[in-house]
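Here are my notes on the model, as numbered points. Please read them with the structure open.

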Amino acid sequence: MKLKYEMTTIEIDNSIMAVPVDCDEKFNGIIRMNETTAEILELLKSDTTEAQIVDALLSKYDAPKETIQGSVKRVVDTLRANNLLV
Amino acid sequence: MKLSEVNECILNCTEKLNISKDIVRIASDKDSRKECFNELQISYFPAMPDSTCEVLFADDFSKYLILIFSDNIDTKEHFYAELFKTATNAICTFEKYKNDLKSGNVLLMILSDYLNGRKSELTLNDDVRRLAKNHEVTSLVYYQTKDEKLQNSYYNAVRDFSVRKSFLEKIKAEFLNVGIEYYFVKGIKVAELYPTPALRIMGDCDIHLHEKDKQKAAEILKNLGFMEQIREGLDEWRYLKNNLVFELHDNLCYEQENASEKERNFLLNEWKHCNNGELENEFHFIYLLSHLKKHLIGRGVGLRQFVDLAVEIKFGQLDFDIVLDYAEQAQLKGFLLVCLALCEKWFKIDAPYKAEITEEFFKKATFVILHNGVFGMEKVVNEHDDFAKQVNFDGKIKTIITSVFLPYNAFVGEYDYSWLMGRKYLLPIAWIVRLIKKFTNKDSRKKGLYTVDKITTSQRKVSEFEEWGIL
């Protein structure tokens, strides 16, 4: 799986946002996110799996695997629900 | 109708509307009307209306007056109805203006806080939100106040900026590939200087390039999925995609239809002031000023354009000696100094040079700009602009001459001159008739007064332009 559209990220007023570029009218908004979500989105720019994302984050953060798995699942589910993944 | 009846109507009306009878004046002709204006120190007044009554406001907004034309009054009932309707409307409008001024000051404070990096500790009401919307500064106001009702506008601005930026990168890369020389102006250029570039709302992005490259650039935009929008009679080429609008221009001057010759000649040097896709900041500042002037004379400008100037002044690292020199060359020095003074007073920023402006002009300018919206959304003071512009740039005598000595074609379709059709040799007689009508039109008193008053109003506009440093 990977992001359906090209995403551009912007940081303003202490919050990070991702904006899909060149998307169809089905999603015409922005995604407000924290740093972890921003990293997940970055990894989703190229074809990957949930397990690969979890591994990548595990190697970077000292957090329990279940917590990271939960976070990745939440983000992936949200993106999928908004038709932002292929 | 007797004067006693007129007075009775006024008394009834003022009592019912709870306004003082002292502020009501009766004017039966142009001269007495002018006396009323002088007495109440009204500096702006529109042309005479067709209705029985008119209501205007004094400069300090502390009072209003109702003028009545006894000539137009027939029955007491008709007069009372007209008077009541006009006065009620006037009071509503007056209250709205008073509120707008209050809300406008709140808006100015928020914008000043933004420019000076301060937090705004203000609560907004609907009037401030409406003004912010009219002046296209909602995203800045949200950033400062976190007012929930403006949140959508903030996120829309962020989204539009991000998408625009992404496409601009692609466009720039493509232009570089095929060797197209270009530069950006107005919103897209000045946004880079804002403390938060994403929050500078803009309707379109202006890309300037050489005429020879326009077709190549158009193809690039179309290949990126932009749709071409052809607009008859316009020199700029327009490209749309979702919320984005890009415009291709090959000339800085064709939009500046009111520019003086010196201004045009200065702006025609655009490419001499461009280096590696960047227009020199000082030159761009003069262009912003010229553009602002165009809209001020035309449909009106709003606060966003002045915030742009303030951003350039504060963050643009401008060499003001160069700016002053360029302004002199472009015959915009007077206007520049007035704008710098206004920016300093409105936004509490330091302007290195400025004109001395009176408190009276400052109040009037604030009122005019607050009510104009971004491009004259609320036309309060611009109703005689076409005529005023003509007077402004052609001179009063020339205006009268050109309005009388019209070419043959201009008479086509005018009922009063139907006898001229097919008889071009009678044109000098038409001119004489027009000249006589212009100065001695007694049949249509109202129309005649209107014309005279229109000239007076326009003369007033000319003096307003002088105050703005435009003339």
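This is a predicted model: local features need pLDDT of at least 70, side-chain atom pairs count only at pLDDT 80 or more; totals for chains, interfaces and linings use all residues.

1. Helix α12(B) spans residues 320–329 and helix α13(B) spans residues 333–347. They pack at an angle of about 135°. Their axes lie 7 Å apart. Angles over 145 degrees would count as roughly antiparallel, so α12(B) and α13(B) are classed as oblique to each other.

2. Which residues make that contact? From α12(B) come Phe320(B), Val323(B), Leu324(B), Ala327(B) and Glu328(B). From α13(B) come Lys333(B), Leu336(B), Leu337(B) and Leu340(B). By class, the contact of α12(B) with α13(B) has seven nonpolar and two charged residues, and no polar ones.

3. Helix α3(B) covers residues 76–115, and helix α4(B) covers residues 126–134. Their axes come within 9 Å and cross at roughly 75°. The range from 65 to 115 degrees counts as roughly perpendicular, so that is the label for α3(B) and α4(B).

4. The α3(B) side of this contact consists of Lys96(B), Asn99(B), Asp100(B), Ser103(B), Gly104(B), Val106(B) and Leu107(B). Facing them in α4(B) are Asp127(B), Val128(B), Arg130(B), Leu131(B) and Ala132(B). The residues divide into five nonpolar, three polar and four charged.

5. Now the interface between the chains. How many residues of each chain are in contact? Chain A gives 15 and chain B gives 18. The area buried between chain A and chain B is about 1,300 Å². Carbon and sulfur atoms give 58% of that area. On the side of chain A, Ile12(A), Asp13(A) and Asp22(A) lose the most area to chain B. Together these three account for 34% of what that side buries.

6. Where in chain A does the contacting side come from? Strands β1 (6–12) and β2 (15–21) of chain A are the elements that give two or more residues to it. By class, the side of chain A that touches chain B has eight nonpolar, three polar and four charged residues.

Conventions. Residues are numbered from 1 along each chain as its sequence is written. Chains are lettered from A and ligands numbered from 1 in the order in which they are written. Side-chain values use heavy atoms; hydrogens and water are left out. Contact means heavy atoms within 4.5 Å. Buried area is the accessible area (1.4 Å probe) that two parts lose on being put together, summed over both. Helices (H or I, at least four residues) and strands (E, at least two) are DSSP runs, numbered from the N terminus. Ala, Val, Leu, Ile, Met, Phe, Trp, Tyr, Cys and Pro count as nonpolar, Asp, Glu, Lys and Arg as charged, and the others, Gly among them, as polar. Axes are lines fitted to C-alpha atoms, for helices over the stretch in contact, and angles run from 0 to 180 degrees between N-to-C directions. Angles under 35 degrees count as roughly parallel, over 145 as roughly antiparallel, 65 to 115 as roughly perpendicular and the rest as oblique.
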